[in-house]
Amino acid sequence: VFRGRILARRLVGQETRYEVEVKTPYRHRFPLVAREYLWVANTCSCPQLREGDEYLLMARRHVNYEHTLNRILLQDDGYARPWTPREDRLVREAAQRC
C-alpha cells in the first residue's frame with residue numbers, strides 16, 4: 001500500500017503502464033523506489049488513473065514462473081482510490097492495529 005502521483009500513462013501491448021512517483025509507502029513487503037512502473041493488465045483504463053493526480057494504491061508484486069519478470073501489478077481486485085488526508089489518516093490508523 002502506498003501513496004503515489006501518476007506521472008505518465010502508456011499502452012504497452014495489451015497492458016497499461018503507469019509511471020508513478022511514490023510519495024508515501026505505508027505498508028510494503030518489497031522495497032519501493034522513488035519512481036516505479038505500475039502495470040494494469042488491460043488497456044481500457046480500468047481503473048481510471050489520471051496523470052497528475054495522487055492515489056492510494058494497493059498493488060502486488062508479480063514475478064513470472066521463469067523469474068524473468070518482476071513488476072508491480074494492480075490487479076482487478078486491487079485498490080486505487082484518490083488520495084485525501086482522510087485516506088491517509090485511515091491507513092495510518094489501520095497500520096497501527098495490523
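**Charged side chains in a predicted model**

Buried residues make up 32% of the 98 residues in the protein chain. The model discussed here is predicted.

Me: In which order do the elements of the protein chain run from the N terminus on?
Reply: The protein chain has 1 helix and 7 strands. Read from the N terminus on, the order of these elements is β-β-β-β-β-β-β-α.

Me: What share of the contacts with a separation of 6 or more comes from residues 24 or more positions apart?
Reply: Contact here means heavy atoms within 4.5 Å. Among the contacts in the protein chain with a separation of 6 or more, residues 24 or more positions apart account for 51%.

Me: Over the face of which residue does R3 lie?
Reply: R3 has a salt-bridge partner in E54. R3 also lies over the face of a ring, at 3.9 Å from the ring centre. The residue that carries this ring is W83.

Me: How many residues apart are R5 and E21?
Reply: The side chains of R5 and E21 meet in a salt bridge of 2.7 Å, N to O. This pair links distant parts of the chain, with R5 in strand β1 and E21 in strand β2 (residues 15-25). R5 is partly exposed, with a relative accessible area of 28%.

Me: Which residues do salt bridges that share partners join into one network?
Reply: The side chains of K23 and E54 meet in a salt bridge of 3.9 Å, N to O. This pair links distant parts of the chain, K23 in strand β2 and E54 in strand β4, 31 residues apart. At 35% relative accessibility, K23 counts as partly exposed. Through shared partners, salt bridges join into one network R3, R5, E21, K23 and E54.

Me: Over the ring of which residue does the charged end of R17 sit?
Reply: R17 is found in strand β2 and is buried, with a relative accessible area of 18%. Not counting residues up to four places away in sequence, R17 touches A8, R9, R10, V12, Y37, L38 and W39. The charged end of R17 sits over a ring, 4.1 Å from its centre, and the ring is that of Y37.

Me: What distance separates the C-alpha atoms of R17 and T43?
Reply: R17 and T43 are 26 residues apart along the chain. The separation of their C-alpha atoms is 9.2 Å.

Me: How many aromatic pairs does a search of the whole structure find?
Reply: Rings pair if their centres lie within 6.5 Å. With that cut-off, the number of aromatic pairs found in the whole structure is 0.

Notes: Residues are numbered from 1 along each chain as its sequence is written. This is a predicted model: local features need pLDDT of at least 70, side-chain atom pairs count only at pLDDT 80 or more; totals for chains, interfaces and linings use all residues. Side-chain values use heavy atoms; hydrogens and water are left out. Rings of Phe, Tyr and Trp (its six-membered ring) pair if their centres lie within 6.5 Å; planes under 30 degrees apart count as stacked, over 60 as edge-to-face and the rest as tilted. A charge sits over a ring if NZ of Lys or CZ of Arg is within 6 Å of the ring centre and within 35 degrees of the ring normal. A salt bridge is a side-chain nitrogen of Lys or Arg within 4 Å of a carboxyl oxygen of Asp or Glu. Helices (H or I, at least four residues) and strands (E, at least two) are DSSP runs, numbered from the N terminus. Buried means under 20% relative accessible area, exposed over 50%, partly exposed in between (1.4 Å probe, protein chains only).
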